[in-house]
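Have the model open and follow along.

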Amino acid sequence: RAKLQGKNNYQFFKIEMNEAAVKRLVFENQLRKVLEREELCLYYQPQIELISKRVAGLEALLRWENTTLGGMISPDRFIPIAEEMGLIVPIGEWVLQTACKQGKEWLEQGLPPVRIAVNISSRQFQQPGLLAKIKEILEYTRFPAELLEVEVTESLFIGDDSVRNCYKMLKELQEMGVKIAIDDFGTGYSALNYLKRFPVNTLKIDRSFIKDICVDKDDAAITTAIIAMAHSLNLSIIAEGVEEVEQLAFLHFHKCEMAQGYLFSPPVPAKQIEKILTGGSIFQTISTRS
Ligand code: C2E
Ligand code: MG
Ligand code: MG
Ligand code: MG
């Protein structure tokens, strides 16, 4: 009897394993066709300058809609797999090109110029062709380099070889006028000295610190320290994941320059950005609500 049960368990286990493997295979096959089927699109989330209450920038965030897989798939789920499959390179190029084309279109419509931030994974940065590709896309779309910002994570600065390679790329990007932001700042484990040696323009305080900023003394201390450090290093500073008026008040009081989060707007399709850019400040509605 015990033997029988053992066998059943084993078979059950095998079926489960197969199911997981099949699921993964289906996922990969769908992902492989994502570009030819044109299933990707970009949403944009406003970044608000707290003093002027203006939209100073937009972060482009990738969205994948696929019916076989049941709708919208989060980038946190498919980007790591796209990286493993080597698909992040063509997908990343699509993102850069789409964002720059869109940015140029908004300029031609006469909308106020705003910076567009594009996420670039460390894996993409390991591609020697990235710099040439960015140059090509800027020339082709005629989107001003000064309005493009690339968001990289601290993991880019870990490890000797990658550090040496990306230094040149970042330096050249900055010389072209492209801004460089460190995303999810404070969650990596690299030494801070890269801030001194590398061309960096902006720090984005990770939303895990912002979440309990008003109730957790440690989070408040870390956030104010990051803001102070950014000021003395002459870096721009932006808080991610701002959801509540109280968090905004804290950041404003501590002279954080910019904020981004559901309080102002979630990431939205390009069409809605046109309304936000022409319709004045989203900030106004917030101040009257509080
Ligand atoms: P991220 O770059 O740190 O982007 C911020 C994430 O926080 C976005 O999730 C955004 O929707 C979400 N967010 C914004 N405001 C709030 C808020 O107030 N509260 C909360 N809880 N969340 C907020 P999303 O769009 O799901 O993207 C997840 C991650 O996927 C991004 O994190 C980024 O690392 C990656 N990603 C997105 N688009 C791209 C892309 O085009 N290329 C690459 N390489 N990575 C991307
Ligand atoms: Mg980002
Ligand atoms: Mg982030
Ligand atoms: Mg992230």
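A residue counts as near a molecule or strand if one of its heavy atoms lies within 4 Å of it. By that rule, 23 residues surround ligand 1, and the closest are R63, D183, R207, E243 and Y262. Before going further, a word on the ground rules: this is a predicted model, in which local features need pLDDT of at least 70 and side-chain atom pairs count only at pLDDT 80 or more, while totals for chains, interfaces and linings use all residues. Residues are numbered from 1 along each chain as its sequence is written, chains are lettered from A and ligands numbered from 1 in the order in which they are written, and side-chain values use heavy atoms, with hydrogens and water left out.

What kinds of residues make up the shell around ligand 1? They divide into eight nonpolar, six polar and nine charged; here Ala, Val, Leu, Ile, Met, Phe, Trp, Tyr, Cys and Pro count as nonpolar, Asp, Glu, Lys and Arg as charged, and the others, Gly among them, as polar. β2 (54-66), α2 (75-84) and β6 (179-185) each supply at least two residues of this shell, and the largest share, four residues, comes from β2. Helices (H or I, at least four residues) and strands (E, at least two) are DSSP runs, numbered from the N terminus.

Now look at individual polar contacts, meaning pairs of N or O atoms within 3.5 Å; within protein, one must be able to donate a hydrogen and the other to accept it, and residues adjacent in sequence count only if both atoms are side-chain atoms. A polar side-chain atom of E243 is 2.5 Å from a nitrogen atom of ligand 1. Oxygen atoms of the ligand lie 2.8 Å from a side-chain N or O atom of D183 and 3.3 Å from one of E240.

Those last two residues lead us to the metals, where donors are N, O and S atoms within 2.8 Å of the metal (3.2 Å for Na, K and Ca); water is not among the atoms, so sites may look incomplete. The magnesium ion (ligand 2) is coordinated by E59, N119, E151 and D183, at 2.0 to 2.2 Å. This links distant parts of the chain: E59 in strand β2 and E151 in strand β5 (residues 148-153) are 92 residues apart.

The magnesium ion (ligand 3) is coordinated by D183, D184 and E240, at 2.1 to 2.5 Å. Here D184 in strand β6 is joined with E240, 56 residues apart, in the loop between β8 (236-239) and α10 (245-253). Which residue bridges the two magnesium ions? D183 does, and the ions lie 4.1 Å apart.
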